[in-house]
Amino acid sequence: MKHVLLLTAVLLIAATAGAQDWEGDLLGMEAGSLHATLGVTYDSEYIWRGFKVFGSKSATHLVGDVDLFETGFGISAAGHYANGSGYVNWTRYDYTLYYQNGLFPDEPYATNFRVGWVMYDYPDMPSDFADLQEAHAVLSWPNILPIKGLCPTYVAAKMWPSKGGSYIGGAASGWFHIFMLDYGFTVQGLLPQMPEHLIRLHAELVYNDSVNPYGPRRKDREFSHALFGVATDLELGNNLTLTPAVYYQRALDTGLEWFNDGADELWASVGLKYSF
């Protein structure tokens, strides 16, 4: 169970960096129970797969996740909204089916994995204009490094347009290869009811196999960006968790730098989730 929880924490960080989704948290649930999480997150900017989605506008994300009786299978849905005018057509809903589990839990080569399928739906645009689909696999190795709490993860995500002949067309077809490293450590709590806090440091390097989800021109095949972040969870009681975070992204290719109108992005995030 601890390894599954660690995988969940890694997925939370990865999702926060990319889409502010929650993949589910099995902590404290009885075997065979149905578990759900609802959440809302505010981002001072919304960066998804390296791309600044709503320009300089902030964003609000609404998320729901259901773990299907601790079988490893789950479903989730997320909505991403710009806090301001000019981007209503780029409001996006993500619908995800996934399975996650772990292998060899007591070995140095213990492996946590997740496989999933995502539908990216733009409700204010025709389906043959911008809708995308994705299949992804996540592999995480919590015991492979000698430093406790240091965990490498690899993500392979294949993206393609939902319908042929779309505006984005072949520009959105290809792979993302994401190499992540996470480190968690505890510090003394700030409040009496929180004796300690888990601080999560996150870093990732992303190779973009020419995918441009905003089309119609393909990107170059190269390492597109590096991302660094720090986050913590504040347990508020009554199954409520507040998660503040700060992220910095550095574009490594000129195409992404042009799209984002700059190579450097720094943003803050705060999320609130309720589990039941």
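**Entry 1: the E1 and E15 pairing.** I started with strands E1 and E15, which run antiparallel and are joined by seven bridges. I am working from a predicted model, so I note that here once.

Entry 2: Next I looked at E14, which pairs with E15 in the antiparallel sense over 11 bridges. Here I noted Arg 250, whose bridge partner in E15 is Asp 264.

**Entry 3: the two faces of E15.** Which residues of E15 lie on its covered face, and which on the uncovered one? I listed Glu 265, Trp 267, Ser 269, Gly 271, Lys 273 and Ser 275 as covered. On the uncovered face I have Asp 264, Leu 266, Ala 268, Val 270, Leu 272 and Tyr 274.

**Entry 4: Leu 266.** I picked Leu 266, in strand E15 (residues 264-275). Is it buried or exposed? Leu 266 counts as exposed because its relative accessibility is 59%, and the cut-off for exposed is over 50%. I also found Leu 266 in a nonpolar surface patch with Leu 201, Phe 228, Val 230, Val 246 and Tyr 248. Together these residues have about 500 Å² of accessible area. Strands E12 (221-232) and E14 (240-251) each supply at least two residues of the patch.

**Entry 5: Thr 41.** Back on E1 (residues 35-43), I stopped at Thr 41. With a relative accessibility of 2%, Thr 41 counts as buried, since the cut-off for that is under 20%. I then checked Thr 41 against Thr 243: they are 202 residues apart along the chain, yet their C-alpha atoms are separated by 8.8 Å.

**Entry 6: the cores.** I found 27 residues in the largest nonpolar core, where Trp 48, Met 159 and Phe 176 have the most contacts inside it. Strands E7 (111-121), E8 (132-140), E9 (150-161) and E10 (174-191) each supply at least two of its residues. A second, separate core has six residues, among them Ile 47, Ala 231, Ala 245 and Tyr 247.

**Entry 7: the whole chain.** To finish, I looked up the totals. I counted three helices and 15 strands. Of the 276 residues, 49% count as buried. Among contacts with a separation of 6 or more, 56% come from residues 24 or more positions apart. The chain exposes about 12,800 Å², with carbon and sulfur atoms supplying 63% of that area.

Technical notes:
Residues are numbered from 1 along each chain as its sequence is written. This is a predicted model: local features need pLDDT of at least 70, side-chain atom pairs count only at pLDDT 80 or more; totals for chains, interfaces and linings use all residues. Side-chain values use heavy atoms; hydrogens and water are left out. A nonpolar core is a set of buried Ala, Val, Leu, Ile, Met, Phe, Trp, Tyr and Cys residues joined through side-chain atoms within 4.5 Å. Buried means under 20% relative accessible area, exposed over 50%, partly exposed in between (1.4 Å probe, protein chains only). Helices (H or I, at least four residues) and strands (E, at least two) are DSSP runs, numbered from the N terminus. Contact means heavy atoms within 4.5 Å. Accessible areas come from the Shrake-Rupley method with a 1.4 Å probe; for residues, only the protein chains shown count as cover. Patches are made of residues with over 30% relative accessible area and no salt bridge: like charges are joined within 9 Å, nonpolar side chains (Val, Leu, Ile, Met, Phe, Trp, Tyr) within 5 Å. A salt bridge is a side-chain nitrogen of Lys or Arg within 4 Å of a carboxyl oxygen of Asp or Glu. Two strands pair if DSSP finds at least two bridges between them.
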